[in-house]
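Colleague: I am new to this one. Please walk me through it.

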Amino acid sequence: QVQLVESGGGLVQAGGSLRLSCAASGHTFGIFAMGWFRQAPGKEREFVAGISRSGGSVYYGDFVKGRFTISRDNAKNILYLQMGSLKPEDTASYYCAADPSVVLTAQPSYWGQGTQVTVSS
């Protein structure tokens, strides 16, 4: 088991930046591939970004287009998502996810409770 707790969400103006964090506990962080998903009201859950166990491989949803950066600190057991050039359509609940695998699967095994990001126009 691993417990995931997100933080860093909030209200930001369009064009602004936020950094989300996901603190992991309960298991060796370095054995998990990690990632971020998001879900807006009335919409399906959407993949945002993923990172391999070691951090050597990163990948993003098509909509990111260079605006977000995922990273991890395996010594501190923390996953990050640096978001920039935010748009109102980025408004959603953002969820941290983990899989005990090299890369994140489409249906991760573990989820955080989510953190709300609201981008005003």
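Colleague: Is Cys22 buried or exposed?

Modeller: Keep in mind that this is a predicted model. A residue counts as buried when its relative accessible area is under 20%. The relative accessible area of Cys22 is 0%, so Cys22 is buried.

Colleague: To which residue does a disulfide join Cys22?

Modeller: A disulfide is a covalent bond between the sulfur atoms of two cysteines. The search of the whole structure turns up one disulfide. Its S to S distance is 2.1 Å, and the partner of Cys22 is Cys96.

Colleague: Which parts does this pair tie together, and how many residues apart are they in sequence?

Modeller: Cys22 sits in strand 3, residues 18-25. Cys96 sits in strand 9, residues 92-99. The pair therefore links strand 3 with strand 9, parts whose separation in sequence is 74 residues.

Colleague: Is the link of Cys22 and Cys96 left-handed or right-handed?

Modeller: Look at the angle about the S-S bond. It is -75° for Cys22 and Cys96, and the link is left-handed.

Colleague: What is the relative accessible area of Cys96?

Modeller: Cys96 is on the buried side of the cut-off, which is under 20%. Its value is 0%.

Colleague: What about Ser21: buried or exposed?

Modeller: Ser21 lies in strand 3. Leaving out residues up to four places away in sequence, it touches Val5, Glu6, Ser7, Trp36, Ile78, Leu79 and Tyr80. Its relative accessibility is 16%, so Ser21 counts as buried.

Colleague: Step back to the whole chain. How many strands are there?

Modeller: Read along the sequence, the pattern is β-β-β-β-β-β-β-β-β-β-β. The chain has zero helices, and its strands number eleven.

Colleague: Why is the chain called as compact as a globular protein of its length?

Modeller: For 121 residues the globule rule gives 14 Å. The radius of gyration of the chain is close to that, so the chain is as compact as a globular protein of that length, at 13 Å.

Colleague: What share of the contacts with a separation of 6 or more comes from residues 24 or more positions apart?

Modeller: Contact here means heavy atoms within 4.5 Å. Among contacts with a separation of 6 or more, residues 24 or more positions apart account for 56%.

Colleague: What percentage of the residues count as buried?

Modeller: The chain has 121 residues. The buried share is 45%.

Colleague: Where does Lys65 lie, and is it buried or exposed?

Modeller: Lys65 lies in the loop between strand 6 (58-60) and strand 7 (68-73). Its phi is near 50°, a positive value in a residue other than glycine. At 69% relative accessibility, Lys65 counts as exposed.

Colleague: What is the phi of Asn77?

Modeller: Asn77 is in the loop between strand 7 and strand 8 (78-83). With a relative accessible area of 23%, Asn77 is partly exposed. Although Asn77 is not a glycine, its phi is positive, about 60°.

Colleague: Which residues is Gln113 in contact with, aside from neighbours within four places in sequence?

Modeller: Gln113 is in the loop between strand 10 (110-111) and strand 11 (115-120). At 48% relative accessibility, Gln113 counts as partly exposed. Its contacts are Leu4, Val5, Glu6 and Tyr95.

Colleague: How far apart in space are Gln113 and Phe68?

Modeller: In sequence, 45 residues separate Gln113 and Phe68. C-alpha to C-alpha, their distance is 21 Å.

Technical notes:
Residues are numbered from 1 along each chain as its sequence is written. This is a predicted model: local features need pLDDT of at least 70, side-chain atom pairs count only at pLDDT 80 or more; totals for chains, interfaces and linings use all residues. Side-chain values use heavy atoms; hydrogens and water are left out. Helices (H or I, at least four residues) and strands (E, at least two) are DSSP runs, numbered from the N terminus. The radius of gyration is taken over C-alpha atoms; the globule rule is 2.2 Å times the number of residues to the power 0.38. Buried means under 20% relative accessible area, exposed over 50%, partly exposed in between (1.4 Å probe, protein chains only). A disulfide is a pair of cysteine sulfur atoms within 2.5 Å.
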